[in-house]
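Dear colleague,

Please find below the structure that I am handing over to you.

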Amino acid sequence: MTKRHGYALLTAIIAMIMVLSAAIYVGVGFDDGAARDTMAGGRGPHNNPAAPASTGVWVGTWSTSPSGAEPGTETNGMAGRSVRNVVHAGVGGTAARVTLSNLYGQQPLSITHASIAVAATANNAAAAADTMRRLTFGGNPSVIVPPGQQVVSDAARLLIPHDTDILVTTYSPTPSGPVTYHPTARQISYTAEGDRTEDVTGVPYAAQTPAWRYLTAVDVLSNESEGTVVVIGDSLTDGVTSSMGENRRWTDALADRLRDRARGGSDGPRYSVVNQGISGNRLLAGGGGRPAGNPSGLNRFDRDVLGRTNVKAVVIALGVNDILRTPHQTDADKITDGMRELTERAHARGLRVIGATLMPFQGHRGYRPHLEATRQAVNAQIRSGDIFDDYVDFDEAVRDPYNPRRLNPLYDSGDHLHPSDRGYEQMAKKFDLDMLKGSAPAEL
């Protein structure tokens with residue numbers, strides 16, 4: 001079945017499995033990713049009806065990095081509206097839990113109703129039949145998220161096939177101030193007036209947004225994956241020029257490759273991939289404010305990488321914006337020192353670290369010859385092997401063979417910095433999956 005397989009079959013498959021499966025569920029542990037404890041819960045239509053008996057480990061199937069407060073929400077937030085985020089499951093599972101963030105809020109965020117469902121079709125606010133589940137938090141249907149904090153829901157029993165869209169909906173009745181969001185989703189999400197949290201039709205969701213609000217992670221209890229690969233990056237990882245709603249970022253293609261290899265019986269790593277890219281992100285310098293908008297890679301690494309679920313390996317794809325954006329960082333050693341610091345912090349957790357060379361950008365409006373010299377110097381240090389456990393040579397994958405300072409026209413989106421869908425696919429093809437295997441060395 002192709003990557004965007006027929007959603008028309010999804011409802012029938014789920015219904016058949018729900019009928020044939022025993023109404024007993026081996027539940028979940030919340031500390032190390034292993035399935036351990038019995039999951040409690042009722043069997044009503046909105047109280048997490050039983051999924052097939054299963055064991056597995058908790059992994060990230062999707063996540064994003066909160067990067068600022070949404071303009072225009074400073075006073076009322078999303079008061080009186082239901083927010084339906086549409087996200088894509090990289091791997092499947094038999095239960096799910098979500099993380100909601102009020103990182104950039106200035107007052108408590110009151111969520112009185114939340115739900116999760118499998119989407120009926122791609123890029124749609126409607127839910128597949130019999131998949132709507134009410135989310136709880138410590139057994140309660142409502143939760144208050146303090147300013148600057150986040151909450152993780154209880155696990156909901158729900159069969160989520162891989163490579164499908166998930167709907168996560170929240171309702172807040174009262175003003176909460178600035179909305180924590182990720183602006184460059186490359187995916188349309190929705191809002192509706194009033195509490196439409198458990199609406200399955202999608203009809204009330206008339207308002208659209210290209211951003212994700214409040215939601216920062218979806219974890220699943222999975223038999224498909226043994227752990228999570230976290231990619232921290234900038235707009236090249238965020239997929240800013242990839243096709244809207246088609247999941248064509250290079251991390252999506254990498255997730256497909258890992259899943260296809262595992263299904264083929266290979267002994268390669270059985271990992272999910274989560275994308276922690278922020279457009280405009282730098283390794284060394286962050287934006288203003290407290291907390292900082294668009295925080296630096298050094299600032300957000302613990303939260304966005306080490307704080308993800310069951311992490312096994314890290315991919316670091318940062319540094320271009322340090323060079324390209326004003327004030328330009330032209331000291332290659334400062335950039336590579338920052339990379340080494342991230343590697344050391346990951347190694348302290350026993351994580352394997354893969355770095356990425358910096359891709360060319362001649363022809364972009366910010367290009368200057370002396371900036372190219374810095375990029376080349378950073379790449380030379382990455383290739384030397386003394387920064388990361390291994391590296392993927394994205395520069396080699398997408399540069400013009402006749403002018404290595406530029407993107408290959410076959411892979412250029414047109415702005416001479418960001419790849420096209422074909423370019424993102426080429427980046428993922430360049431990634432040697434075997435690099436993800438093994439343990440981190442004590443030191444480089």
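The notes below go from the whole chain to individual residues, ring pairs and strands.

This is a predicted model, in which local features need pLDDT of at least 70 and side-chain atom pairs count only at pLDDT 80 or more, while totals for chains, interfaces and linings use all residues. Residues are numbered from 1 along each chain as its sequence is written, and side-chain values use heavy atoms, with hydrogens and water left out.

Overall picture

The protein has nine helices and 23 strands; these are DSSP runs numbered from the N terminus, with helices being H or I of at least four residues and strands E of at least two. Of its 444 residues, 59% are buried, where buried means under 20% relative accessible area, exposed over 50% and partly exposed in between (1.4 Å probe, protein chains only). The exposed surface comes to about 16900 Å², and carbon and sulfur atoms supply 50% of it; the areas come from the Shrake-Rupley method with a 1.4 Å probe, and for residues only the protein chains shown count as cover. Among contacts (heavy atoms within 4.5 Å) with a separation of 6 or more, 80% are between residues 24 or more positions apart.

Serine 222

Serine 222 belongs to strand 16, residues 215–222. Its relative accessible area is 1%, so serine 222 counts as buried. Apart from neighbours within four places in sequence, serine 222 contacts Gly56, Val57, Val59, Val91, Gly92 and Gly93. The C-alpha atom of serine 222 is 7.9 Å from that of alanine 95, although 127 residues separate the two along the chain.

The side chain of serine 222 also has polar contacts, meaning pairs of N or O atoms within 3.5 Å; within protein, one atom must be able to donate a hydrogen and the other to accept it, and residues adjacent in sequence count only if both atoms are side-chain atoms. A polar atom of this side chain lies 3.0 Å from the backbone oxygen of glycine 92. A polar atom of the serine 222 side chain is also 2.9 Å from the backbone nitrogen of glutamate 224.

Aromatic rings

Rings of Phe, Tyr and Trp (its six-membered ring) are taken as paired if their centres lie within 6.5 Å; planes under 30 degrees apart count as stacked, over 60 as edge-to-face and the rest as tilted. By this rule there are four aromatic pairs. Tryptophan 62 and tryptophan 212 have ring centres 5.0 Å apart and planes at 80°, so they form an edge-to-face pair. Because tryptophan 62 is in strand 1 (residues 57–63) and tryptophan 212 in strand 15 (residues 212–213), the pair ties together parts that are 150 residues apart in sequence. Tryptophan 62 is buried at 7% relative accessible area, and tryptophan 212 is buried at 6%.

Phenylalanine 361 and tyrosine 367 are likewise edge-to-face, because their ring centres are 5.9 Å apart and their planes stand at 70°. Phenylalanine 361 is buried, with a relative accessible area of 0%, and tyrosine 367 is buried at 14%. Ring pairs also join Trp250, Phe394 and Phe431 in a cluster.

A charge is taken to sit over a ring if NZ of Lys or CZ of Arg is within 6 Å of the ring centre and within 35 degrees of the ring normal. Arginine 97 lies over the face of tryptophan 58, 4.2 Å from the ring centre.

Threonine 237

Threonine 237 is in helix 2, residues 235–238, and is buried at 1% relative accessibility. Beyond residues up to four places away in sequence, threonine 237 touches Val231, Arg249, Trp250, Thr251, Asn275, Gly277 and Ala317.

Strand pairing

Two strands pair if DSSP finds at least two bridges between them. An open sheet of three strands has the order 2-12-15, with antiparallel pairing. Its edge strands, each pairing on one side only, are strand 2 (68–69) and strand 15. Strand 12 (residues 180–182) is joined to strand 15 by two bridges, and tyrosine 181 has arginine 213 of strand 15 as its bridge partner.

In strand 13 (residues 189–193), four of the five residues are buried. Strand 13 pairs antiparallel with strand 3 (residues 81–89) over four bridges, where arginine 84 is partnered by tyrosine 190. Strand 13 also pairs antiparallel with strand 14 (residues 207–209), over three bridges, and threonine 191 stands opposite alanine 207 of strand 14.

With kind regards
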